[in-house]
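Hi everyone, thanks for making time this morning. Have a look at the model on the screen, and then I'll walk you through a few spots in it.

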Amino acid sequence: MGFIEGIQYNIRGFAMALRTRSLLLLGLIRFAVVFLLTLVLSGMVLYWHNDIFSMIWQMPESRWLIWLWHIVSWILALILMVFSMLASYLISQIFFCVFIMDYMSRITERMVLGQEISNANTSIFGLFLYLIRQEIPRAVVPVMISVALMIIGLFTPVSLVVIAVSSVVAGMFLAWDNTDLVPARRMVPFKERLKFLKENLSFHIGFGLLFLVPWVNILFLSFAPVGATLYYIDKEKK
């Protein structure tokens, strides 16, 4: 149930953002930044993907194996495009998108609850610095580890399985990066926030599933704070 619920909340948040001018504008800014970065990195992948794959498996001489080689080569290209999206997302996050994510979450919270609840006894600047520090244990490190596992998986006999599992794990952590916005802003201890992830793993896997579809993922990532905030507030009410 949690898995399906994760997909539903992601779509529900996206639909809500399309109906709200401020959320739509902020989401489009995030989309433009991530899209441009992904376009550049994906273009590089498509341009060099045969050369990259040749480093792993040299093109065979058999006509039948050549077809298989091309099929696997394009599968690798799609996987590398997912890498490109993740890299673009992390680059944009580190520089400024974490501020936009938090602001989108605040707007959503005010729309649902009529007010913004915060336990932070600090200035706005201090809170933003705190939120940036949260990106390291919450998203950057886990996703980088997942990407490293994907790369290592390319050189193992069960590479496609390793890559698939690593992609799901990366999507899960990207989902948590969004559901964690509200408790992080309320200064909830990191251990409790990590416990929330463990108790709702299936939801986060479902929520992050749409982040694994090339190009579509950029759109859903841009508006993900809305659906994630809706979920956290609903979970809190229950």
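The lining of the largest pocket divides into 11 nonpolar residues, 1 polar and no charged. Here Ala, Val, Leu, Ile, Met, Phe, Trp, Tyr, Cys and Pro count as nonpolar, Asp, Glu, Lys and Arg as charged, and the others, Gly among them, as polar. Before I go on, this is a predicted model, where local features need pLDDT of at least 70, side-chain atom pairs count only at pLDDT 80 or more, and totals for chains, interfaces and linings use all residues. Residues are numbered from 1 along each chain as its sequence is written, and side-chain values use heavy atoms, with hydrogens and water left out.

Back to the pocket. On a 1 Å grid over the protein atoms alone, a pocket is an open set of points where a 1.4 Å probe fits, with protein on both sides within 12 Å along at least five of seven lines; lining residues have an atom within 4 Å of a point. The largest one holds about 280 Å³ of space, a volume being the space filled by probe spheres set on the points, which are joined across faces, edges and corners. Of its 12 lining residues, L80, F83, S84, A87 and V147 lie nearest the centre. Which helix gives the largest share of the lining? That is α3, with 6 residues. Helices α2 (21-56), α3 (63-113) and α4 (124-153) each supply at least two; helices are DSSP runs of H or I, at least four residues, numbered from the N terminus.

Now the rings. There are 12 aromatic pairs in the structure, meaning Phe, Tyr or Trp rings (six-membered ring for Trp) with centres within 6.5 Å; planes under 30 degrees apart are stacked, over 60 edge-to-face, the rest tilted. Y9 and F203 are edge-to-face, at 6.0 Å centre to centre and 70° between the planes. Y9 sits in α1 (residues 2-19) and F203 in α8 (residues 201-209), so this pair ties together parts 194 residues apart in sequence. F203 also stacks with Y231, at 3.4 Å and 10°. F203 and Y231 are both buried, that is, under 20% relative accessible area with a 1.4 Å probe, protein chains only. One aromatic cluster takes in Y9, F196, F203, F207, F211, Y231 and Y232.

Last stop: N217, in helix α9. At 1% relative accessibility, N217 counts as buried. Leaving out residues up to four places away in sequence, N217 touches M85, L210, F211 and L212, with contact meaning heavy atoms within 4.5 Å.

Methods:
Buried means under 20% relative accessible area, exposed over 50%, partly exposed in between (1.4 Å probe, protein chains only).
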